[in-house]
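Dear colleague,

Here is the structure that I promised to hand over, with my notes following it. Please read them with the coordinates open beside you.

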Amino acid sequence: MDELHVDLVTQRDLLEHDDWIYKQTASNFIGIGRVEIDALVFMPSRTLDKKNVARLVSIYKLQGCQRSNPQNYAQVLVGKNEFIAAGGSIHTSSSRKPSTTILEFAPRSLECLQGRHRLVAAQKFLRPDDCWWVVEFYLKDSHPKFQAYLQYAFPNSQRFTDGEIFHKIRSYHIAGDMLNEKYWWSFLSKSKTQDLKQLLKHPLFCSAFDRLLLLPGLWTAIQLGTLHRFLTIKCDEEILNYMAFIESFWMALFNHLPGKLDNSSVSILECRAPESMRDRQYIQSKFTQGELFSTCMHSQRQLLLEKVMSVRLGSHALIPSLHSLFENLKYLEGPAAVMKELMMGKVAPSIQAGLRCIYYGNDFAKSYKNLWLFAFKYFPDLVAITPKKEKGQAKPQPKEKDLLLWNQLARLAHQMGFDSPFIRTTQNEDPFRKKAEVFLFSNSNPLAMDRFETEIAEVARILESVVQQANNIQALPDTVSKDEPVSRRMGRPFEESHYRDKNFLKVELMEQALDFQSVTSFIVKRAIFVSFFQPRQGTAETNDLYLENLDTLMEENGEMELEVHDNVHEIQAEEIKEIEAEAENNEIEAEAENNEIEAEAENNEMMTADDYEDDQMDQGPIQVKIQTFGHPPVVQRLRSQVQLIALLIPYLACHSIEYVIQDKYGFNLSLDQAKKEKTLCLMDKRILRAT
C-alpha cells in the first residue's frame with residue numbers, strides 16, 4: 001500500500017510539473033523569427049564537440065541545411081522591448097509561422113539556450129551573406145527553472161557528460177527541486193551512482209564542489225568513475241587546498257558573471273602560466289579568434305582577458321581546473337602510498353591527521369612538507385608506482401624497495417619530530433651494511449663471510465660516504481629551458497623529467513620567490529606541490545568544518561586504531577621522567593600539574609586506564625595543560641582511548657590546550673586561549689560533537 005502511495009505521489013508531481021511548463025510556455029513565448037547566427041551567444045552549459053560539428057557539416061553537404069524545420073528551431077532569451085525594436089511581432093495563437101525578414105540584433109546580444117552544434121556547423125557551411133537561423137523567442141526574465149527546461153528538454157544527439165550530470169544534481173538539490181534532481185540521477189549507471197553518493201557523504205568535499213556551481217565550465221571534465229581517488233588516497237586536506245585554489249582563481253575572474261564560464265575557455269586556460277610569454281601569446285591568439293570567453297559579450301570578454309593577463313600566481317604558477325586536479329591526483333598517488341606505508345596504513349581519516357598524532361616537534365607544517373617532498377623524490381624506489389613512459393622509450397618497471405631510502409625516510413621523520421614503532425625500528429637498521437653484505441655475498445663464498453667483518457664494515461662505510469657526498473652536491477633548478485607542453489603539465493611526471501628534477505624538490509625551493517622565463521618541468525612540479533600543500537585564504541573555515549563533521553568521517557572510515565607507542569597503555573615511571581624533561585625543553589606550562597601526575601605515577605609505578613577510572617570517581621577531574629600539538633604520553637597512560645583525542649588536535653587552531661579528564665564516560669576538552677571558544681566531548685562510542 002505504501003509503495004502504491006509513493007507511485008501516485010510521483011505521478012501527481014509529474015502532472016503538476018507538466019502543467020506548470022505549459023503555463024510558463026504560454027506566458028513567456030513571444031514570437032518566432034530569423035536572426036543572424038552572429039547575433040547569438042551560447043549558454044556555457046555544453047562542451048563543444050568538434051567531431052560532432054564536422055559530422056553535421058557533412059550532413060548539411062548531403063542533405064542541405066534544414067533551418068526552417070520547426071524541429072531545428074533554436075530557443076533564445078530576449079527582452080520584450082528589444083524584440084519589438086528589432087522588428088519582431090508579438091505572436092498570436094493563430095500564427096507561429098516565422099517571417100522571412102531577418103530581425104536586426106547586435107552581434108552576440110541574444111542568449112541561445114540550445115542548438116550550439118548545429119548552429120556552429122551552419123556557420124561553417126552557409127555563405128556569409130546567408131548565415132541566418134530560425135529561433136523561438138522567450139522572455140529574458142522568465143523563471144530560471146523554465147529556462148533550464150528549454151535548455152535540456154529538447155532532443156540532442158550529444159550525450160551529457162558525467163560532470164554536467166553531477167552539476168545538475170547538486171544545483172537542483174540545493175534548490176530543493178527533488179523532481180529534477182531525481183531526473184538527473186537517472187542518467188547515471190549503478191556504479192557511478194554509488195561512487196557519487198559515497199563522495200557526497202563527505203561533507204567537506206561536497207561543500208567544496210557546491211562552491212563551484214557558479215562556474216559550470218569547470219565541471220565538464222569530471223569523470224565519476226574516478227571519484228574513488230578522492231576517498232581512497234586519504235589526502236583530504238590537500239585536495240581541499242587545491243579546490244580552494246580553483247575556487248579563488250576562477251571566482252576572481254567571474255565574480256561579476258555568475259554562470260558564464262564555459263568549458264572551452266577552461267580548456268584553453270588550464271595549466272597555462274600567465275607569467276610565461278609564450279602562454280600569454282597563446283591566450284591572446286585564442287581571444288582574437290573568438291574561442292576564449294565565447295559565451296560573454298564583447299566588453300565582458302575584454303575585461304576578462306585583462307584580468308587573466310594581469311594575474312600573478314607566484315609559486316602556484318599554473319591556472320588550475322577540476323580536470324587538472326583529477327589528473328594531478330594520479331601524481332599524488334605515488335607519494336601518498338609512501339606516506340601510508342610509513343604509517344603502516346593507519347591514516348584515518350587522512351594522512352595529515354594520522355601524522356599529527358605521532359608528531360612531537362614544534363613546526364608541523366614544515367616537517368610535514370619535508371616528509372612529502374622526500375616521498376615525491378623517491379616514490380619509484382619506495383613503492384611499486386612508476387613515472388610515465390617517455391615517447392620512444394621502454395615502459396618504466398616497478399623496482400624493489402630500496403632499504404637505504406626507507407632508512408633515510410625514517411631518519412628524516414624522526415629528525416623532523418615524528419615518532420612511531422615503525423619509524424624507530426626502520427631508522428635503527430643499517431642499510432649500508434645490508435648492501436655491503438649483498439655485494440660481498442654475490443662475489444664470495446657465503447661460508448667464509450664471518451671472517452670478513454672488517455671488510456663488510458669498510459664497504460658499508462664507503463657506501464655511506466658516497467651517498468652523503470652525492471646528497472651534498474648543490475645545483476639550481478632549470479627555469480629557462482623551453483616550455484613543457486600542456487600535456488606534460490598535469491598528471492604523473494614523465495620518467496626523464498622526474499629524475500632530472502627530483503633533487504630540487506626541497507621546502508626552500510617550494511616556498512621562495514623564483515623568477516622563471518619558461519614553464520619548465522621543475523616549475524610544473526613545484527606548481528603541483530604548492531597547489532596541494534599551501535593552504536589558501538579560502539580554506540580558513542576548514543578547521544571548524546572538520547570539527548563539526550569528524551563524527552561522520554569516523555563512521556565512514558570505521559574502527560580507528562592509532563598506535564603511537566608499543567606500550568601506549570602502560571608507561572613506566574622512568575619514561576614519564578624522560579617525557580617531562582622533553583616537555584621542559586618545549587617550554588611546557590603548568591609544571592605543577594604535570595609533577596602531580598608524575599608523583600602519582602611513581603607511587604603506583606604504573607597506572608592503567610581501569611585503575612584511573614575507579615580512582616577518578618573519588619578524586620574528581622585532573623587538569624593537564626600542555627603546549628604542543630602532539631598528543632602527550634603523560635595523558636595517554638590515564639586512559640586507553642586517549643589515542644582518539646589526537647584526531648582533534650590538528651583542527652583546534654590554538655597554542656595551548658587544556659585537557660580535563662573526567663569519569664569513565666569520556667573526556668571533556670576545553671580550549672584555553674583559542675581563537676574561538678569550543679567544547680568537545682569524546683564519548684566511549686566515539687561520537688564527536690561540537691557545541
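In these notes, a charge sits over a ring if NZ of Lys or CZ of Arg is within 6 Å of the ring centre and within 35 degrees of the ring normal. The charged end of Arg-301 meets this description over the ring of Phe-287, at 4.2 Å from its centre, and the charged end of Lys-197 sits over the ring of Trp-185, 5.7 Å from the centre of that ring.

Please bear in mind that this is a predicted model, in which local features need pLDDT of at least 70 and side-chain atom pairs count only at pLDDT 80 or more, while totals for chains, interfaces and linings use all residues. Residues are numbered from 1 along each chain as its sequence is written, and side-chain values use heavy atoms, with hydrogens and water left out.

Turning to the aromatic rings, those of Phe, Tyr and Trp (its six-membered ring) pair if their centres lie within 6.5 Å, with planes under 30 degrees apart counted as stacked, over 60 as edge-to-face and the rest as tilted. A search of the whole structure finds 36 such pairs. In one of them, the rings of Phe-166 and Trp-219 have centres 4.9 Å apart and planes at 75 degrees, so this pair is edge-to-face. Phe-166 belongs to helix H6 (residues 162–175) and Trp-219 to the loop between helix H9 (203–210) and helix H10 (228–232), so the pair ties together parts that are 53 residues apart in sequence; helices here are DSSP runs of H or I, at least four residues, numbered from the N terminus. Phe-166 is buried, with a relative accessible area of 0%, and Trp-219 is buried, also with a value of 0%, where buried means under 20% relative accessible area, exposed over 50% and partly exposed in between (1.4 Å probe, protein chains only).

One aromatic cluster is formed by Tyr-331, Tyr-359, Phe-364, Tyr-368, Trp-372, Phe-376, Phe-379, Phe-418, Phe-529 and Phe-533.

Finally, I looked at helix H18 (residues 403–416), whose 14 residues should span 20 Å at 1.5 Å a residue, in agreement with end C-alpha atoms that are 20 Å apart; the expected span is 1.5 Å times one less than the number of residues. The helix is mostly covered, with 10 of its 14 residues buried, among them Trp-406, Asn-407 and Met-416. Asp-402 caps the N-terminal end of H18, with a side-chain oxygen 2.9 Å from the backbone nitrogen of Leu-404, and just after the helix Gly-417 takes a positive phi of about 115 degrees.

With best wishes

Key: Helices (H or I, at least four residues) and strands (E, at least two) are DSSP runs, numbered from the N terminus. A polar contact is a pair of N or O atoms within 3.5 Å; within protein, one must be able to donate a hydrogen and the other to accept it, and residues adjacent in sequence count only if both atoms are side-chain atoms.
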